[in-house]
Amino acid sequence: IYLEARDGSGRIIDQYTLRIDEEEMETGPPETNSSLAVTGSDSTLTVACDNNISLLFDKSTGHLRSIMNNGNEIVLSGPFFNLRTRGRSVIYSYHEIMEYTGWKLLGFSWEESAGHVIIHSTGLCADSISVDLMTTISADAAMIIRYSASGIPAGYIRELGIGFNLENAIDAISWKRDPYWSYYPEEHLSSAEGTSGLYPTKLKSYRSTPPKDWAFDTKSFYYDGTVDEDAGNRLVNRAKGTKENIREYSLLKDGSKVLTVTSDGQAHCRLSKTGDTLRLFISSELDYVDLSWGNYQRNIEAESEYAGELSVKFFDNR
């Protein structure tokens, strides 16, 4: 139900979008009568799903190496464990970002069970965090990723979850989420649902009137220098801004979904770009630890052990 409140002159005071029914989400691997074909070599393992979708795993890392749909390949690696915490204070409202990277595989195995393939990888992140990844793959190329970690260092969490790296072959994102407010203006950065291209269609120049809203900017002349915007190197704010409490978050190519994250509203997604590599972070825990005024700052203290579960599906274009 959409409601709006106006004053005596007809000007909008407030707007609301209210849901009157419960939204149901599937949990756990779906029941399937289809089967998966598994083939392997000394270095790789291929899981062939329905609809000509194949997932290629690298046995040296325990991660995906690529995904293929009807002969079209997209280079993609993951899932990897992602942990970012608050580091030392630089100024009052800014702290260093502690990012724990590096991966050493200690064990890799797989099995078939009840029409699913289960990939099990264990290893060390940042040389000291023990990580266990259990990925259950269904015939429709859906993945339930269960992860656990121990030896997590103390600190306040920025992000904790998993991530994927993929080639720069994506051109848009779409999302549906449980928002903080029930209504947002059209094309707002934090809207409950929407679609956004990754790159600007209008470019701004230094000391010129901007031709677009801030949500479609890729840089700040104050923080990033006075060189004019360009068309394809940085993501627009609307695409790179974290989408919290997602129900569905998709990476798109030519209007088709390549990768979709589904959740009951507890997961959070963020897209970034370094060089020609896109990075998708899917977080079970998220905080804005630099606000320093106490508003919307959860101050989540990391525990030495953590376990979570997240859902991903490839080429889901129903």
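**From charged pairs to rings**

Modeller: D7 counts as partly exposed, because its relative accessibility is 26%. The cut-offs are simple: buried is under 20% relative accessible area, exposed is over 50%, and partly exposed is in between (1.4 Å probe, protein chains only). Two notes on reading this. The model is predicted, so to speak, by rule: local features need pLDDT of at least 70, side-chain atom pairs count only at pLDDT 80 or more, and totals for chains, interfaces and linings use all residues. Residues are numbered from 1 along each chain as its sequence is written, and side-chain values use heavy atoms, with hydrogens and water left out.

D7 has a partner. Its side chain meets that of R11 in a salt bridge, at 2.9 Å from N to O. The term means a side-chain nitrogen of Lys or Arg within 4 Å of a carboxyl oxygen of Asp or Glu. R11 counts as exposed, at 54% relative accessibility. The structure holds 20 salt bridges, and the D7 and R11 pair is one of them.

Now take another pair. K313 and D316 also meet through their side chains, at 3.9 Å from N to O. K313 counts as buried, at 13% relative accessibility. D316 counts as buried too, at 11%.

Next come E99 and R84. Their side chains form a salt bridge, at 3.7 Å from N to O. E99 lies in strand β8 and R84 in strand β7, so this pair ties together parts that are 15 residues apart in sequence. Strands (E, at least two residues) and helices (H or I, at least four) are DSSP runs, numbered from the N terminus. E99 is partly exposed, with a relative accessible area of 33%. R84 is buried, at 15%.

R84 leads us to the largest pocket. R84, I97, R158, K240 and D290 lie nearest the centre of this pocket, out of 33 lining residues. A pocket is worked out on a 1 Å grid over the protein atoms alone: it is an open set of points with protein on both sides within 12 Å along at least five of seven lines, and lining residues have an atom within 4 Å of a point. The volume of the largest pocket is about 1200 Å³. Volume here is the space filled by probe spheres set on the points, which are joined across faces, edges and corners.

What builds the lining? Strands β8 (94-99), β13 (157-167) and β17 (256-274) each supply at least two residues, and so do helices α1 (221-224) and α2 (237-240). β17 gives the most, with five residues. By class, the lining has 12 nonpolar, 10 polar and 11 charged residues. Asp, Glu, Lys and Arg count as charged; Ala, Val, Leu, Ile, Met, Phe, Trp, Tyr, Cys and Pro count as nonpolar; the others, Gly among them, count as polar.

Charges can meet rings as well. The charged end of K204 sits over the ring of F221, 4.9 Å from its centre. K243 lies over the face of W175, at 4.6 Å from the ring centre. The rule asks for NZ of Lys or CZ of Arg within 6 Å of the ring centre and within 35 degrees of the ring normal.

The structure holds six aromatic pairs. Rings of Phe, Tyr and Trp (its six-membered ring) pair if their centres lie within 6.5 Å; planes under 30 degrees apart are stacked, over 60 edge-to-face, and the rest tilted. F81 and Y147 form a tilted pair, 6.3 Å centre to centre with 50 degrees between the planes. F81 lies in strand β7 (residues 72-91) and Y147 in strand β12 (residues 142-150), so the pair ties together parts 66 residues apart in sequence. Both F81 and Y147 are buried.

Y147 has a second ring partner, Y306. That pair is stacked, at 6.3 Å centre to centre and 25 degrees between the planes. Y306 lies in strand β19 (residues 305-314) and Y147 in strand β12, so this contact ties together parts 159 residues apart in sequence. Y147 counts as buried, at 2% relative accessibility. Y306 is partly exposed, at 22%. Together, ring pairs link F81, Y147 and Y306 into a cluster.

Conventions. 1 Å grid on protein atoms, 1.4 Å probe; cavity = no way out; pocket = protein on both sides within 12 Å on 5 of 7 lines; lining within 4 Å.
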